Amino acid sequence: MIMLRHAVRRRASALASLALLAACAGEPSTAPTPSPTPTPTPTPAPLTVPAITREFRGLWIATVANIDWPTSTTLSATQQQAELLTILNLARTTGLNAVVLQVRASGDALFASTLEPWSKSLTGTQGGNPGWDPLAFAVREAHARGLELHAWFNPFRAGNLSDSLTRSPLHFARQRPELTRPYCGSLWFDPGEDAVHNQTIAVIKDVALRYDVDAIHLDDFFYPYPDTKCPNLDFPDSATFARYQVGGGQLARADWRRANINRFVERLYTEAHALRPSIRVGISPFGIWRPGNPAGITGLDAYSSIYADSRLWLQQGWVDYLAPQLYWSIASTGQSFPALLDWWGQQNTKGRHLWPGLAAYRVADGTSSAFAASEITTQIERSRQRSGSLGTILYNTTSVRLDKGGLATALAATTNAIPAIPPATPWLDNVAPAAPTITAGASTTSGQLTVRVTNNAAEVLAWWLVRWRTGSSWSQRLVPWTESTIDIPAASGGTNTDAVVVTAIDRAGNASPDAIWRTP
């Protein structure tokens, strides 16, 4: 047995020697070769696209009397443009997404017009050509920064009586002086005159037709506010009212005045949408409809003193948004901000946008009743807690531009740190556009990723909402839909951008399905 085991070992040793010789001689070995371990394909990190944040964040830019812009009538066109760009950049860096630019303050124009003269805010002389078109410039530059531009009109204010000798021959008060009424140092177009309505609506429609504005906006000057310099002075429209009565009119004078404003508001809304179905129409009325609404509210009765039945406009759906000027503090008793905000929400029976105006101008204004910046930021947070109140508008630009009380700093750092786009307006259009097609690749520009977008929608759009992920962080930009190539950062902090999402946004704010690109 021992001899047999030795024989087996000798035979195995001999076979191993032969195999080694064969290998050295280049002959193939019959021994199996182990397969290499495959490198696993990296699994992309899961992609959860964040929901789109919706909120209107507006800023009023007052041009009358050079309140906000331009800051002087002596600036050159280049200086005026630089100031406006500073404002638009400020709006973007403070997390806002819209500017409301005053383009018709007193029967004059901040745009090239054959119907009304150039505003004297531009050159110091009404009718003086500034050498450029501010509204065209503002629309283009606002959209390039992802900002909506709402064109703000005053419908019936004609100017000051002291302007009579310097008023342009093109001004409607010079063309039709019989339609104007003096009131306590100011001049007004009579809202009871159909020709006044015709002129104002013609000017607004001309702007809506020739400029790519996102909305038409009216302020709160309908009939003039009572003036303490002229106590108990009534608006001098007796001849207009008498003509109405001769024609068979049965309304009392106050009701007739309200009816004049109501028919103007309804007509404007109807004709603006007939011209451009998706354009929005907004009004910013005095924040109190009537004292006692809600209980405990005191102050001016806009219903009976300036004949503005703003609750009716909201409930009839004659506006796409209402921005009541809630210029009081949260702690106020007679004019409580939260009480008025809640009341307006209760009146909003048609579910229109409700974007209260906030008194940024009161922040650190040097008075004993000055607001702290936290008053405004807290009011914004309060508005966010109210259903149907997805937005606010700040008055005015100068307070934000000067960072009064640190307001601009607070908006940028905390309140508006998460970017938002304006809410959709589904009663104008509730059909989402088709998703675009996108590709992406390294740009010749160092550090950039070029995203190429192809529009697949059968409609005119407004924006591309471009979002991208770097690591676990998401960033976004609104880009005009006319752009077909968009550069975004290819990396941030040493981490590459690994996903891009582009969403088409139409003129009513509807969002398409997402188009997604992932790194190969």
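**View A. Leu59 and its partner across two strands.** Leu59 has Val99, in β2, as its bridge partner. The strands involved are β1 (residues 56-61) and β2 (residues 98-104), which run parallel and share four bridges. For strand names, we follow DSSP runs: helices are H or I stretches of at least four residues, strands are E stretches of at least two, and numbering starts at the N terminus. Two strands count as paired when DSSP finds at least two bridges between them. What you're looking at is a predicted model, so local features are taken from residues with pLDDT of at least 70 and side-chain atom pairs from pLDDT 80 or more, while totals for chains, interfaces and linings use all residues. Residue numbers start from 1 along each chain as its sequence is written, and side-chain values use heavy atoms, with hydrogens and water left out.

View B. As a reminder, strands of a sheet pair through backbone hydrogen bonds, either parallel or antiparallel.

View C. Ile393 is in strand β12 (residues 391-395). With a relative accessible area of 0%, Ile393 is buried; buried means under 20%, exposed means over 50%, and partly exposed is in between, using a 1.4 Å probe on protein chains only. Leaving out residues up to four places away in sequence, Ile393 touches a list of residues including Phe56, Leu59, Trp60, Val100, Tyr321, Trp355 and Leu358; a contact means heavy atoms within 4.5 Å. Tyr321 is 72 residues from Ile393 along the chain, and their C-alpha atoms are 11 Å apart.

**View D. Leu135 in the largest nonpolar core.** This core has 111 residues, and Leu135 and Val213 have the most contacts inside it. Helix α8 (residues 253-275) gives the most to this core, seven residues. A nonpolar core here is a set of buried Ala, Val, Leu, Ile, Met, Phe, Trp, Tyr and Cys residues joined through side-chain atoms within 4.5 Å. Not counting residues up to four places away in sequence, Leu135 touches Leu101, Val103, Leu110, Phe111, Leu149, Val207, Tyr211 and Val213. Apart from this core lies another, of 18 residues, with Val479, Ile488, Ala515 and Trp517 among them.

View E. The side chains of Arg181 and Glu193 meet at 3.2 Å, N to O. A salt bridge means a side-chain nitrogen of Lys or Arg within 4 Å of a carboxyl oxygen of Asp or Glu, and the whole structure has 26 of them. Arg181 sits in strand β5 (residues 180-183) and Glu193 in the loop between β6 (186-189) and α6 (194-210), 12 residues apart. Both ends are buried: Arg181 has 10% relative accessible area, and Glu193 has 8%.

**View F. Asp234 reaching helix α8.** Asp234 and Arg257 form a salt bridge at 3.1 Å, N to O. Asp234 is in the loop between β7 (215-218) and α7 (238-246) and Arg257 in helix α8, so the pair ties together parts 23 residues apart in sequence. Asp234 is partly exposed at 41%, whereas Arg257 is buried at 2%.

View G. Arg384 and Glu381 come within 3.0 Å at their closest N and O atoms. Both lie in helix α12 (residues 373-384), three residues apart, about one turn of the helix. Arg384 is partly exposed at 27%, and so is Glu381 at 34%. Together with Glu55 and Arg57, they're linked in a network of salt bridges.

**View H. The one disulfide.** The structure holds one disulfide, between Cys184 and Cys230, with sulfur atoms 1.9 Å apart; the cut-off for a disulfide is a pair of cysteine sulfur atoms within 2.5 Å. The S-S torsion is about 85°, so this disulfide is right-handed. Cys184 is in the loop between β5 and β6, and Cys230 in the loop between β7 and α7, 46 residues apart. Cys184 is buried, at 18% relative accessible area.
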